[in-house]
Amino acid sequence: MQNNSIELNIKVPNQTKYLSLIGRIAEDIAIELDRFSGDKETLAYHMNLVLTEAMTNAIKYGKTDEEGESVHILITISEKKLFIRIYDKGQGFDINEIPSPDFEDIQENGRGIFLIKSLMDSVTYIRHPDGNTLEMVKLLS
Amino acid sequence: MDLNITQNDKALIIRINEERLDAHNSAEIKQEIKRLFEDGHKNILVELKNVRFIDSSGLGALVSGFKNATTHQGSLKLSSLQPQVKSMFELTRLHRVFEIFPSTSEGLASY
């Protein structure tokens, strides 16, 4: 690991009451990022949001570890990129098959992945034989 | 969930006194708005002054309220959005769906 790299490996119970804790961690990381020259308050909100959305998806759709009782999140920050990876053991889905929300026919649901894709520079969801990884990348420069 | 509900002569005001509106608490506000419309209230103004963070579940709960309003020939309006919360409405184009007012007094004046 480089001297100025940051890596956080987090496991929390798969309960929505921990969303605010994960959101706060995401915001704190963003605020401390000296290497980011943009608006840190906005970056903080966006990190909070994408982690909240991704963790909510993992809770809803994934059995997230052997016991299905926790969500595993890995946050890695290098000189120029911020990676967020969320692991789950559910059935998985094809992220490219999820449509954007219909802005004319307003529905209650279906904005989570759209928000993640809108706010991050790259989003992939990879299905492995032993589980799935949602990887979100934000460029810092 | 910390909600403060007051009846004004023009509308029922729901003040959401929570920092976050997310998947943990959005079902509760959704149910509450539904119940209030079913109880016969026609005009509801939701004040979001104290809400610093909203996710897609929180937006969905307010969309549900908007649909309930339409079903009951009523209205659901929003007031006092913090800038980052407002930006989420803009990103999802929901600012075109809701009537959004800078302050609760301006929201009440619209009735």
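**View 1. Strands E4(B) and E6(B) run side by side in the parallel sense.** Strand E4 (residues 43-47) of chain B pairs with E6(B) over 5 bridges, where strands count as paired if DSSP finds at least two bridges between them. Look for Val46(B), which stands opposite Leu78(B) in E6(B). Helices (H or I, at least four residues) and strands (E, at least two) are DSSP runs, numbered from the N terminus. Please keep in mind that this is a predicted model, in which local features need pLDDT of at least 70, side-chain atom pairs count only at pLDDT 80 or more, and totals for chains, interfaces and linings use all residues. Residues are numbered from 1 along each chain as its sequence is written, while chains are lettered from A and ligands numbered from 1 in the order in which they are written.

**View 2. Strand E6(B) also pairs with E7(B).** Strand E7 (residues 100-101) of chain B joins E6(B) in the parallel sense over 2 bridges. Here Leu78(B) stands opposite Ile100(B). A residue is called buried if 20 or more other C-beta atoms, placed from the backbone, lie within 10 Å of its own.

**View 3. Chain B as a whole has 4 helices and 7 strands.** Along the sequence they follow the pattern β-β-β-α-β-β-α-β-α-β-α. The radius of gyration, taken over C-alpha atoms, is 12 Å for chain B, close to the 13 Å that the globule rule gives for 111 residues, so chain B is as compact as a globular protein of that length. That rule is 2.2 Å times the number of residues to the power 0.38. Buried residues make up 48% of the 111 residues in chain B.

**View 4. Chain A meets chain B through 20 residues of its own and 17 from chain B.** Two residues are in contact if their C-beta atoms, placed from the backbone, lie within 7 Å. On the chain A side, helices H1 (19-32), H2 (40-61) and H3 (112-119) each give two or more residues. The largest share, 6 residues, comes from H2(A).

How values were computed:
A residue is buried if 20 or more other C-beta atoms lie within 10 Å of its own, exposed if 12 or fewer, and partly exposed in between; C-beta atoms are placed from the backbone.
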